[in-house]
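Subject: Handing over the structure

Dear colleague,

I am passing on the structure to you with this message, and below it I have set out what was found. Please keep it open beside you while you read.

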Amino acid sequence: NVFVPENSDAIAGTCALHVCWEDLAEIRSLAVSEPYQGEGVGSALAEAALAEAEVLGIERVFTLTYQPDFFKKHGFEIVDKAVLPQKVWAECIKCVKFPDCDEIAMLKGLTAG
């Protein structure tokens, strides 16, 4: 699912919830347009993705980020990348930074159901 809040005729930001399998999803591509930064758009996007994950019965949500403080505010904890299943890294092979990824892996457990 992709979440896109609009403000007037402009897109304020975007965020995707990618379900990896029945108990694991990823928040990816969370971005806020510069004029809307600091107005709670990013938090609203993250919370919408987490709410959707809970509705779907997802037990864990992870993200790879350069903004760990933002995700800590939403209950995520930094984890070793090795904690995440290898299948998660399938798309990473195409990245110019592979295998030396400098993004920070973070994980949040949800109360399913």
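A polar contact is a pair of N or O atoms within 3.5 Å, where, within protein, one of the two must be able to donate a hydrogen and the other to accept it. With that in mind, and remembering that this is a predicted model, please look at Lys108, which lies in strand β8, residues 104-109. A polar atom of the Lys108 side chain lies 2.7 Å from the backbone oxygen of His74.

Lys108 is buried and yet has no salt bridge, for the nearest side chain of opposite charge, that of Glu47, is 5.4 Å away, and a salt bridge would need the side-chain nitrogen of Lys or Arg within 4 Å of a carboxyl oxygen of Asp or Glu. If its neighbours within four places in sequence are left aside, the residues in contact with Lys108 are Leu50, Glu59, Arg60, Val61, His74, Gly75 and Phe76.

Phe70 is partly exposed, with a relative accessible area of 23%, whereas Phe71, at 5% relative accessibility, counts as buried. Phe71 also forms an edge-to-face pair with Phe76, with 5.3 Å from centre to centre and 80 degrees between the planes, and both Phe71 and Phe76 are buried. Together, Phe70, Phe71 and Phe76 form one aromatic cluster.

Key:
Residues numbered from 1 in each chain as written. Predicted model: local features only at pLDDT ≥ 70, side-chain atom pairs only at ≥ 80, totals over all residues. Heavy atoms only, no water. Helix = DSSP H or I, 4+ residues; strand = E, 2+ residues; numbered from the N terminus. Buried < 20%, exposed > 50% of the residue type's maximum accessible area, 1.4 Å probe, protein only. Lys, Arg positive; Asp, Glu negative; His and termini not counted. Contact = heavy atoms within 4.5 Å. Phe/Tyr/Trp six-rings, centres within 6.5 Å; stacked < 30°, edge-to-face > 60°.
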